[in-house]
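I opened this entry to record the strand pairing, the helix packing and the confidence of the model. The notes follow the order in which I looked things up.

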Amino acid sequence: MSFSLTTPRLILRIEDANKSADILAFYKNNQSLFDRYEPTRPHSFYTEEYQQRAVAYEYSEIIKGKTLRYYIYLKEQPDIIIGSVNFSRMEHGPFSKVSIGYKFDKTYHKNGYALEACQAAIPVIFSNYNIHRIEARVAPDNLPSIKLLERLHFRFEGIEYESVEVNGRFRDHYRYSLLATDTIQ
C-alpha cells in the first residue's frame, strides 16, 4: 500500500484523525456542492468529533486493506485539502471489485486535477490490491463526473434505477466500470 503518491502537480496522501479539522473544513466549504450528489449525512457529520471518529475508522479499514482514500493537495499548497479519491466496498475472490468515488473543492474544478489524481490512484488498486473491476455510480445530471469517467476510459453499463438515496429520495444512477485488463496497452 502506498501512503503517499505524487504526480506532476499533486500530492495524494492517506490521512489519519490528526487531519480531522482540515477534512471538516474541506466538507464544510463544499457542503452545498457535495450534498447535491451524496447520500444524506447524519446531522453530526459537520462536526470535528464526527470527522475524528470517521477518519480513525477509515484509517483502520485502510490498514486492513478494505478501503482506500487519498486526500489531494497541490504541491505548492501541501497543507490544504483540495479533494479526495476513494475506493470503497472492496471485495476480493470471485467478485474482485471496488467502487470509486471522488470529490474536489469547487475552487479547483476545471483544472484537470481529478483526472490526474485518479490516473495516479487507479493503478494502486489494480496492482497493490489485485482488484479486477472498478465500478462508478454517477447521477445522470453530474456531467463533469461523467466526462471524467469517460476520459478515464470507464465504460457505461446502464442505469441503476433508484439505487442511491440522496436527500431523502432514492435516485437513478448511471453505472460505469473499468477492468484491470482495460488498462493494459
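I began with S3 and S4, which pair in the antiparallel sense over seven bridges. The model is a predicted one, and I read every pairing below with that in mind. Tyr73 stands opposite Ile81 in S4. The link between S3 and S4 is a hairpin of two residues.

I then followed S4 to its other partner. S4 and S5 run antiparallel and are joined by seven bridges. Here I noted Gly83, which stands opposite Phe104 in S5. The hairpin of S4 and S5 has five residues between the strands, and in this hairpin Gly93 takes a positive phi near 80°.

While on S4, I looked up Ser88, which lies in this strand. Which residues does Ser88 touch, not counting residues up to four places away in sequence? I found Thr67, Val98 and Ser99. I also checked Ser88 against Glu58: the two are 30 residues apart in sequence, and their C-alpha atoms are 10.0 Å apart in space.

Next I took the sheet as a whole. Eight strands form an open sheet, and I wrote down their order as S1-S2-S3-S4-S5-S6-S8-S7. The pairing is mixed. Strand S1 (4-6) and strand S7 (155-166) stand at the edges with a single partner strand each, so one side of each has no neighbour in the sheet. From one strand to the next, the twist averages 30°.

S7 and strand S8 (residues 169-179) run antiparallel, with eight bridges joining them. I recorded two bridge pairs: Glu165 has Phe170 of S8 as its partner, and Val164 has Arg171 of S8. The hairpin of S7 and S8 has two residues between the strands, and Asn167 takes a positive phi near 50° there.

I turned to the helices, starting with H1. Helix H1 (residues 20-29) lies across strand S3 (68-74), strand S4 (77-91) and strand S5 (97-104). I noted that H1 runs at about 85° to S4.

How does H1 pack with helix H3 (residues 48-63), and at what angle? The angle is about 115°, and the axes are 9 Å apart. This makes H1 roughly perpendicular to H3. On the H1 side, the contact is made by Ser20, Ala21, Ile23, Leu24 and Tyr27. On the H3 side, Glu48, Gln51, Gln52 and Val55 take part. Sorted by class, the contact of H1 with H3 has five nonpolar, three polar and one charged residues.

The protein chain averages a pLDDT of 93, and 98% of the residues score at least 70. Which element of the protein chain has the lowest mean pLDDT, and which the highest? The lowest, 89, belongs to helix H2 (residues 31-35). The highest, 98, belongs to strand S2 (residues 10-13).

Methods:
Residues numbered from 1 in each chain as written. Predicted model: local features only at pLDDT ≥ 70, side-chain atom pairs only at ≥ 80, totals over all residues. Heavy atoms only, no water. Pairing = 2+ DSSP bridges. Helix = DSSP H or I, 4+ residues; strand = E, 2+ residues; numbered from the N terminus. Axes fitted to C-alpha atoms, helices over the stretch in contact; angles between N-to-C directions. Contact = heavy atoms within 4.5 Å. Parallel < 35°, antiparallel > 145°, perpendicular 65-115°, else oblique. Nonpolar A, V, L, I, M, F, W, Y, C, P; charged D, E, K, R; others polar. pLDDT = per-residue confidence, 0-100.
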